[in-house]
Amino acid sequence: MDPAATVPAPPATLRQPARPRPAAAGRPAKAAWWRDPIALSKPLVLAAGLVPMARIAWGILFDPDLLGANPAEFIEHGTGDWALQFLLLTLAVSPLRRLTGWNGLIRYRRMLGLFAFFYGVVHLGCYVAFDKYFDLGEIVHDIAKRPYITVGFAALVLMTPLAVTSTKGWIRRMGGPAWNRLHQLIYPIAVLGVLHYWWLVKRDITWPAIYGAILIALLGYRAWLRLRPRPARRARVA
Ligand code: HEM
């Protein structure tokens, strides 16, 4: 029997008024998801990010015309483009957040970064299957001898620990400063991604140049924030 059931309840005047529960130590109280526009829009962003993959899957299964005259090339190039675009979008989040003052933008960053990794892995899969027919010796030879493959491969290898440690659990385990240091790898990764594209094109460098210009703007903005002279803090009154 429940012992509490035998104790009479205190008179109403002595009862404590119900107090709102404090948030868990160190964590801000969470807004209910249905009142949180970012939480509501995340499934839409997820669906939008999957559209290129859905198009490829639909093309393979039902409508090969969707994939053009050379489906293998279409998929390989398309996934490479999306990997780079998502990488640059991920890098754009912090500057956009700063410029617009819309702090909630940061909550899309993890998903955008994971999409970059996802399309990068599918892109590698296309190369392994369509270009190299799973010939490991050929692949290793390419990585060692063809600079654009070397840098593309390096970019994807470096993206892997970022994808693995992108969860809140890993941020807690590693601690904020170490996690931030590791995730600064995104800068060399983006440089390698653009170099990879630049080195593989034979004639028209318009697109690699556009991506390169976007990357320079994003990195330049960060460098400017770090290096600009800051207004001296007012001396504290003792
Ligand atoms: C394992 C690493 C990678 C390999 C082996 C690889 C291989 C390739 C190959 C063979 C092509 C087609 C080249 C041609 O047809 O001339 C290509 C294109 C491309 N890759 Fe990669 N890649 C890798 C990683 C990446 C990564 C990490 C990114 C982005 C961050 C990326 C972005 C691109 C882009 C943008 C293109 C050009 C697509 C187009 O022509 O529209 N690749 N890659």
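## A tour of an all-helix model

Residues 24 or more positions apart account for 61% of the contacts in the protein with a separation of 6 or more. Keep that in mind as you move around. This is a predicted model.

**Start with the whole chain.** Colour by secondary structure. You will find nine helices and zero strands. From the N terminus on, the elements run α-α-α-α-α-α-α-α-α. Now colour by burial. Of the 238 residues, 16% are buried.

**Select helix 2, residues 71–100, and helix 8, residues 186–200.** How do they pack? The angle between them is about 145°, and their axes lie 10 Å apart. Helix 2 passes helix 8 in a left-handed crossing. Show the side chains at the contact. On helix 2, pick L84, L87, L88, T90 and L91. On helix 8, pick I186, I189, A190, G193 and Y197. Colour this set by residue type. Eight of the contact residues are nonpolar and two are polar, with no charged ones.

**Next, select the ligand.** Show the 21 residues around the ligand. Which come nearest? They are H77, G80, A83, G152 and G193. Look again at G193, which also belongs to the contact of helix 8 with helix 2.

Now trace the shell back to its helices. Helix 2, helix 3 (109–131), helix 5 (147–164) and helix 8 each supply at least two residues. Which helix gives the most to the shell? Helix 2 does, with seven residues.

**Move on to the largest nonpolar core.** This core has 22 residues. Select A83, F86, L87, A116 and M159, which have the most contacts inside the core. A83 is among the residues that come nearest to the ligand. L87 takes part in the contact between helix 2 and helix 8.

Which helices build the core? Helix 2, helix 3, helix 5, helix 8 and helix 9 (206–227) each give two or more residues. The largest share, six residues, comes from helix 2.

**Finish at M159.** Centre the view on this residue. What is M159 in contact with, leaving aside its neighbours within four places in sequence? Select A116, F117, G120 and I189. A116 is another of the core residues with the most contacts. I189 is on helix 8, in the contact with helix 2.

Terms used
Residues are numbered from 1 along each chain as its sequence is written. This is a predicted model: local features need pLDDT of at least 70, side-chain atom pairs count only at pLDDT 80 or more; totals for chains, interfaces and linings use all residues. Axes are lines fitted to C-alpha atoms, for helices over the stretch in contact, and angles run from 0 to 180 degrees between N-to-C directions. Helices (H or I, at least four residues) and strands (E, at least two) are DSSP runs, numbered from the N terminus. A crossing is left-handed if the near helix is turned anticlockwise from the far one by less than a right angle, and right-handed if clockwise. Two residues are in contact if their C-beta atoms, placed from the backbone, lie within 7 Å. Ala, Val, Leu, Ile, Met, Phe, Trp, Tyr, Cys and Pro count as nonpolar, Asp, Glu, Lys and Arg as charged, and the others, Gly among them, as polar. A residue is near a molecule or strand if its C-beta atom, placed from the backbone, lies within 6 Å of it. A residue is buried if 20 or more other C-beta atoms lie within 10 Å of its own, exposed if 12 or fewer, and partly exposed in between; C-beta atoms are placed from the backbone. A nonpolar core is a set of buried Ala, Val, Leu, Ile, Met, Phe, Trp, Tyr and Cys residues joined through C-beta atoms within 7 Å.
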